Structures are given as structure tokens and as C-alpha cells.
Amino acid sequence: MGIRGITVSDVRGFGAQGGSAERQAGSEFSEDNFVVKVKMEIVVSKDQVEEIIAKIIDEARTGEIGDGKIFVSPVADIIRVRTGERGEKAERMTGGRSDMFSVGSSSTGAR
Amino acid sequence: MLAANIHPISSPSPAVVEKSSSFALSWHTAAPLAKFKPNRISTSLKSSLQSIAVPEVDKDATSAQTRVEILSEALPFIQKFRGKTIVVKYGGAAMKSEALRASVIADVVLLSCVGLRIVFVHGGGPEINQWLGKLNIEPNFLNGLRVTDASTMEIVSMVLVGKVNKQLVALINKAGGTAVGLSGIDGRLLMARPSPNSSQLGFVGDIVSVDPTIIRPLIDNNHLPVIASVAADSTGQAYNINADTAAGELAAALGAEKLILLTDVAGILEDRNDPESLVREIDIKGVKKMIRDGKIAGGMIPKVDCCVRSLAQGVRTTSIIDGRLKHSLLLEILTDEGAGTMITG
């Protein structure tokens with residue numbers, strides 16, 4: 001898909017389910033217990049959003065309570081620390097979607 | 001089974017089954033090397049060897065070479081699963097037939113010897129009915145599910161924990177393993193609550209929590225826990241728990257590598273009427289689609305649900321295998337082909 005980077009954190013969380021309990025490690029957890037979760041943060045360009053959502057749901061859905069939620073939020077700016085690039089140039093990564101779809105040219109044009 | 005590629009749907013070749021029986025044969029022999037080098041043994045050694053009870057090996061069926069080749073092929077699987085916990089739910093035909101029971105137990109002891117950590121969970125429907133009969137208690141069924149009133153629950157608890165459990169423990173001990181028989185009640189291993197339809201079905205429970213603390217020392221020391229699927233609630237009232245569910249939640253609590261359910265069918269069939277259409281490997285997405293399409297029905301659905309719940313809680317792979325096959329456990333764990341359907345996350 002052209003995703004070349006992601007940040008993953010181990011977190012704890014719960015989501016009140018209106019009565020149904022979430023199962024974790026064989027036991028049921030009610031609303032006031034924190035359950036171990038994984039948080040993934042991916043920054044993409046706007047036109048990739050729907051594709052990524054579909055892919056995440058496809059692969060991660062189990063149908064059980066605890067599958068989680070996807071929050072889509074806008075990103076004000078992207079700056080690459082190493083070079084100081086901002087915006088689209090900073091978002092681009094080698095081997096990513098822009099490289100996959102651009103024809104031949106190795107320059108920054110194409111998109 | 002290695003979950004590397006999606007295997008095309010194909011029927012198990014006869015060679016596989018043969019292979020496994022010869023593989024098993026090599027383990028039944030106590031001293032294979034001695035048998036094949038008679039010239040090297042001195043007189044005194046020979047007489048002491050004769051006093052060892054060595055079961056007869058049919059040398060014509062499998063040469064020593066074949067046997068050790070097969071053994072050596074199992075290495076990658078043994079390496080992959082060594083030290084990992086595997087929860088096996090035992091039931092159905094494999095429980096009723098003496099020969100199959102002996103083969104399952106031999107498999108369990110073998111796997112335990114090579115370093116896999118097996119946890120054995122069992123139910124015991126047919127035995128319960130037998131004993132209810134002996135005590136002149138009529139078994140009641142509602143829509144195919146047993147109604148467990150107070151007197152029935154007493155019998156269920158006695159038969160599962162007192163008879164079936166200890167019988168299995170004794171058989172495993174006889175085969176050379178060290179088994180310890182427990183129920184969900186012991187050490188608060190499984191805590192129950194009445195299931196939503198308990199007003200109609202009586203003392204049937206759902207699992208509230210699993211606390212594997214009590215069996216960890218057993219597993220770590222290469223002992224085999226044998227768990228009967230009876231649990232108590234916080235007031236001490238015993239409940240009958242579905243053995244598949246108990247196995248699934250236990251696997252989740254232990255962070256098991258595999259959950260294996262022994263059943264009386266070949267596995268999940270793509271086409272119910274075609275026994276050759278066994279689905280060897282499928283993921284949660286695929287199996288949910290099959291349920292939606294109606295390809296999985298009846299008693300298979302709760303088993304599949306139990307597998308999905310375990311996978312959602314972190315068990316690496318779950319398998320529904322054919323308990324009617326001899327050495328089905330070895331086939332599933334130590335070969336690529338397996339003995340049924342593997343559902344992965």
C-alpha cells in the first residue's frame with residue numbers, strides 16, 4: 001500500500017460497552033478495569049485515508065468486544081527533523097506510495 | 001502446522017497417515033538400537049536385554065532408516081513449539097474409543113517429552129448420561145442442550161471430576177507422563193457465573209475469570225494438568241461449563257501458542273457433503289464469511305466461535321481436528337498437513 005512508517009505504543013484503556021464485558025486473557029473485564037491495548041499512529045495523505053481504514057478493519061476485526069476504534073484527525077504540518085523539510089516533501093518516504101505510482105522519474109515531481 | 005502459506009484445498013494423502021503410524025512405532029520401541037545390532041552384544045548384556053520387555057516391532061513395515069528420517073523431519077516443528085503451551089480439548093469419539101484414547105494419551109506424553117507444554121481439558125457427556133441412568137435420574141434436554149438441575153449437577157461434578165478426570169490422569173501416568181487432575185474449582189482456576197439462559201438450563205455457567213496461577217508451576221515443571229470443565233461461582237455453587245469454552249479461555253489466560261479442539265468430524269468442510277473439501281487453513285475473516293454463507297452450521301458454530309474468541313485474546317493459532325484419526329495430535333502439531341482445520345488470526 002505504500003505505508004513506510006508507523007508508531008506503535010503499548011497502552012491501557014477501556015471503553016464502556018453498555019453492559020457487555022470485554023474478554024482479555026480468559027477473564028471478563030468490566031467498565032472500571034483498564035485492559036492492555038496497542039495504539040497505532042500512522043500519518044498519511046488525505047487520499048490514502050479510506051484505503052488504510054479499510055485495510056485495518058479487514059485485518060484487525062475479530063468481531064469481539066475490544067476490537068477498538070480508529071480516530072481520523074488532521075495533521076497541521078509534518079517536519080522531517082534531519083533535513084528540515086516540511087509538508088508533502090516531509091511526508092514522502094522512499095519506497096512509499098509516491099514512488100510506487102510515479103512513472104520513471106526520480107525527482108520530486110509526479111504527485 | 002506451519003502457518004506460512006495458504007494451502008490449496010486437498011485431501012490428506014494416505015502416505016501421511018502411514019508416515020505417522022510408523023513415526024509412532026519408533027517411540028513404542030524401548031531399545032531400537034540394540035535390536036538391530038545383535039552381533040555387537042556380549043553374552044551377559046544380551047541376557048539382561050532379554051529381560052527388558054520390549055514390544056514387538058514389525059521390522060518389515062518400516063526400516064530403521066525410514067523411522068529416523070521421519071523423526072528428523074519433525075525437528076523444525078519441535079523447535080518451533082518447544083517450550084510453548086498448547087491447550088488440547090479432549091472429547092467426542094477420541095474419548096469413547098479405548099484405542100483412540102490410548103493414542104491421544106501416547107501423543108500427549110510424547111509431546112510433553114520433547115518439550116511442548118500440554119494442558120489437557122476434557123468434558124464427558126456420555127459418561128454423565130450413563131451415571132444418571134444408574135441413579136435413576138432422567139436426563140432432561142431442552143432444544144438439544146442438557147438441563148442441569150441441582151441433582152444432575154451433583155452427578156456431573158462427581159463424574160467429570162471424580163471419574164473421568166482421574167481415569168485420564170491414571171492413563172497418562174501409566175504412559176510415562178506425570179499428570180495432575182484438577183477442575184476449574186481448584187485454585188479458582190475458572191470462576192463461573194450462571195449463563196443467561198440458566199433459568200431454563202439450570203446450573204450451566206459462563207466463565208467470568210481465569211486464574212492460571214495454580215497450574216503455572218505444573219506446566220513449568222513438565223507436569224501435565226488435566227482440567228475438568230466444572231467451575232464454581234463466588235458462593236461455591238458448582239456449574240457445568242462447556243469444555244470447548246473452558247479450553248479456549250484457559251488458552252487465552254496462559255498465552256498459549258495453540259488451542260486444539262478434538263472433534264468427531266474432519267474439520268471445517270467447504271462443502272458439507274464433500275468430505276474431500278477440508279479447509280486446511282483459514283483466518284477469522286474467512287471463517288466469519290463461511291458462517292454468513294451458511295457453510296458452517298450446527299454444532300460447528302460454537303466451536304468456531306470459541307476459536308475466534310481465543311484468537312481475539314492472543315492465542316496464536318487454533319485448530320479443529322479430527323479426533324477419530326489415530327495420532328491426530330501428532331499429525332496436527334508435527335506435520336505441515338495437519339489433521340483438520342487451522343484458524344489463524
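A polar contact is a pair of N or O atoms within 3.5 Å; within protein, one atom must be able to donate a hydrogen and the other to accept it, and residues adjacent in sequence count only if both atoms are side-chain atoms. With that in hand, let us look at some close-ups. This is a predicted model, in which local features need pLDDT of at least 70 and side-chain atom pairs count only at pLDDT 80 or more, while totals for chains, interfaces and linings use all residues. Residues are numbered from 1 along each chain as its sequence is written, chains are lettered from A and ligands numbered from 1 in the order in which they are written, and side-chain values use heavy atoms, leaving out hydrogens and water.

**View 1. Where chain B meets chain A.** Here 16 residues of chain B are in contact (heavy atoms within 4.5 Å) with 12 residues of chain A. Together the two chains bury about 1,100 Å², with 44% of it on carbon and sulfur atoms; buried area is the accessible area (1.4 Å probe) that two parts lose on being put together, summed over both. Seven residue pairs, both at pLDDT 80 or more, are in polar contact between the chains. On the chain B side, β7 (204–210), α12 (243–254), α13 (284–292) and α14 (300–312) each give two or more residues; helices (H or I, at least four residues) and strands (E, at least two) are DSSP runs, numbered from the N terminus. The largest share, four residues, comes from β7(B).

**View 2. A salt bridge between the chains.** Side chains of opposite charge can pair when their charged atoms come close. The interface has two salt bridges (a side-chain nitrogen of Lys or Arg within 4 Å of a carboxyl oxygen of Asp or Glu). One of them joins R193(B) and E28(A), at 2.6 Å from N to O. E28(A) sits in strand β3 (residues 27–29) of chain A, and R193(B) in strand β6 (residues 190–194) of chain B.

**View 3. The open sheet of chain B.** Eight strands with mixed pairing follow the order β5-β8-β2-β1-β11-β13-β14-β12; two strands pair if DSSP finds at least two bridges between them. At the edges, β5 (179–183) and β12 (281–283) each pair on one side only. The twist averages 20° from one strand to the next.

View 4. Three bridges join β12(B) to the parallel strand β14 (residues 340–344) of chain B, and I282(B) has I343(B) as its bridge partner. Helix α13(B) lies across β12 and β14 of chain B, at about 90° to β12(B); axes are lines fitted to C-alpha atoms, for helices over the stretch in contact, and angles run from 0 to 180 degrees between N-to-C directions.
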